[in-house]
Amino acid sequence: MRSWDKMDPDEGHGGGHETAGIMRWLLTYADLITLLMAFFIVMYAISKVDTVRYQQLVQALAQIFAGGSAMILPELGGGSSVVPLEEPGDPLATLAAGISEYIAEQGLKNEVYITITEQGVIISFTGSVLFDKGEAKLRPEALPILDKIAALLKTVPNYVGVVGSTDDLPINTIQFLSNWELSVIRATTVIRYFTENAGLNPTRFVALGYGEYHALFPNTSEENRKKNRRVDVIIYKHNPFLTGNANQNPTSNSKSPSP
């Protein structure tokens, strides 16, 4: 009986080459399994990520790799997109920086979000920053915040939209027959404060009410509902009333409103 170490080399089975081939295959397979495990761990972590901390991460990464900054904008209907900020010195970027600094000073970073999109600067007041749940009367604590926003709005001539949104909890009172009314009246209340108390030009403003139908988060928990109960103040980059030339800036429009 022939031993393995004396097998004919022409037969191709001597010297342990077959065993070595199997080991190389196992190493490749192990690497693949490790990579797949790491991939699914990352995917799971992203699915559980906190929105605020994710925004901070995106901003930090953008500053490191691009020398600038970026924001996470939740899209209507779900998902999110990273939107770069304008160049330093841009009036809207300066305004956004001023608001962001003030919000941080007031300890409201988890309740007030600043985003910059193609539409313009969006200041999102969530939860009970401006209004108590189910109410459309401004909270006393909200007035200094709106005064600060109004002061910054006086530095630019842009049009401003104020959008009210609610959660999906139904409401039916003498004042509010549905969430439509609640969202719209909240928007007009903010506009009235800007125009009647802060002296801003009413022709700059447009009021919108989304009711419960443009939620940014699923209404599956009180925390998410709190985020969906929001008022967005939009400082438009371009004149929102123009249809023929949507890119025309209000600053170049002869009929632009004064602050």
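Visitor: Against which elements do the buried residues of H3 pack?

Guide: They pack against E3, E4, H4 and E7. The model is a predicted one. The buried residues of H3 are Leu92, Ala93, Leu95, Ala96, Gly98, Ile99, Tyr102 and Ile103.

Visitor: What makes the span of H3 close to the expected one?

Guide: H3 has 15 residues, and the expected span is 1.5 Å times one less than the number of residues. That expectation is 21 Å, and H3 reaches 21 Å from its first C-alpha to its last.

Visitor: How do you know that aspartate 90 caps the N-terminal end of H3?

Guide: A side-chain oxygen of aspartate 90 lies 3.0 Å from the backbone nitrogen of leucine 92, and a polar contact requires such atoms to be within 3.5 Å. After H3 comes glycine 107, with a positive phi near 70 degrees.

Visitor: What makes E5 a mostly covered strand?

Guide: Six of its six residues are buried. On one side these are Val160, Val162 and Gly164, and on the other Gly161, Val163 and Ser165. In a regular strand the side chains alternate between the two faces of the sheet.

Visitor: How do you know that E5 pairs with E6, and in which sense do they run?

Guide: Pairing requires at least two bridges, and six bridges join E5 to E6 (residues 205-211), so the two strands count as paired. They run parallel. Valine 160 has phenylalanine 205 as its bridge partner in E6, and valine 163 stands opposite leucine 208.

Visitor: Through which helix does the chain cross from E5 to E6, and with what handedness?

Guide: The chain passes through H5, and this β-α-β crossover is right-handed. The term applies because, with the strands pointing away from the viewer, the path from the first strand over the helix to the second runs clockwise.

Visitor: In what sense does E5 pair with E7?

Guide: E5 and E7 pair in the antiparallel sense, over six bridges. Valine 162 has valine 233 as its bridge partner in E7.

Visitor: Which residues touch the most other members of the largest nonpolar core?

Guide: Ile123, Leu130 and Phe194 do, in a core of 38 residues. Among the elements that each supply at least two residues are H3, E3, E4 and H4. The largest share, seven residues, comes from H4.

Visitor: What does phenylalanine 194 touch beyond residues up to four places away in sequence?

Guide: Phenylalanine 194 touches Leu146, Ile149, Ala150, Leu153, Gly199, Leu200, Phe205 and Val233. A second, separate core has five residues, including Ile122, Tyr159, Val163 and Ile234.

Visitor: Why does asparagine 228 count as buried?

Guide: Buried means under 20% relative accessible area. Asparagine 228 has 0% relative accessibility and therefore counts as buried. Asparagine 228 is found in helix H6 (residues 222-228).

Visitor: What makes the pairing of the side chains of asparagine 228 and asparagine 219 a polar contact?

Guide: The contact is one of 3.0 Å, and the cut-off for such an N or O pair is within 3.5 Å. Apart from neighbours within four places in sequence, asparagine 228 is also in contact with residues including Ser165, Thr166 and Asp167.

Visitor: How many helices and strands does the chain have?

Guide: The chain has six helices and seven strands. Along the sequence they follow the pattern α-α-β-β-α-β-β-α-β-α-β-α-β. Of the 259 residues of the chain, 37% count as buried.

Methods:
Residues are numbered from 1 along each chain as its sequence is written. This is a predicted model: local features need pLDDT of at least 70, side-chain atom pairs count only at pLDDT 80 or more; totals for chains, interfaces and linings use all residues. Side-chain values use heavy atoms; hydrogens and water are left out. Helices (H or I, at least four residues) and strands (E, at least two) are DSSP runs, numbered from the N terminus. Buried means under 20% relative accessible area, exposed over 50%, partly exposed in between (1.4 Å probe, protein chains only). A polar contact is a pair of N or O atoms within 3.5 Å; within protein, one must be able to donate a hydrogen and the other to accept it, and residues adjacent in sequence count only if both atoms are side-chain atoms. Contact means heavy atoms within 4.5 Å. A nonpolar core is a set of buried Ala, Val, Leu, Ile, Met, Phe, Trp, Tyr and Cys residues joined through side-chain atoms within 4.5 Å.
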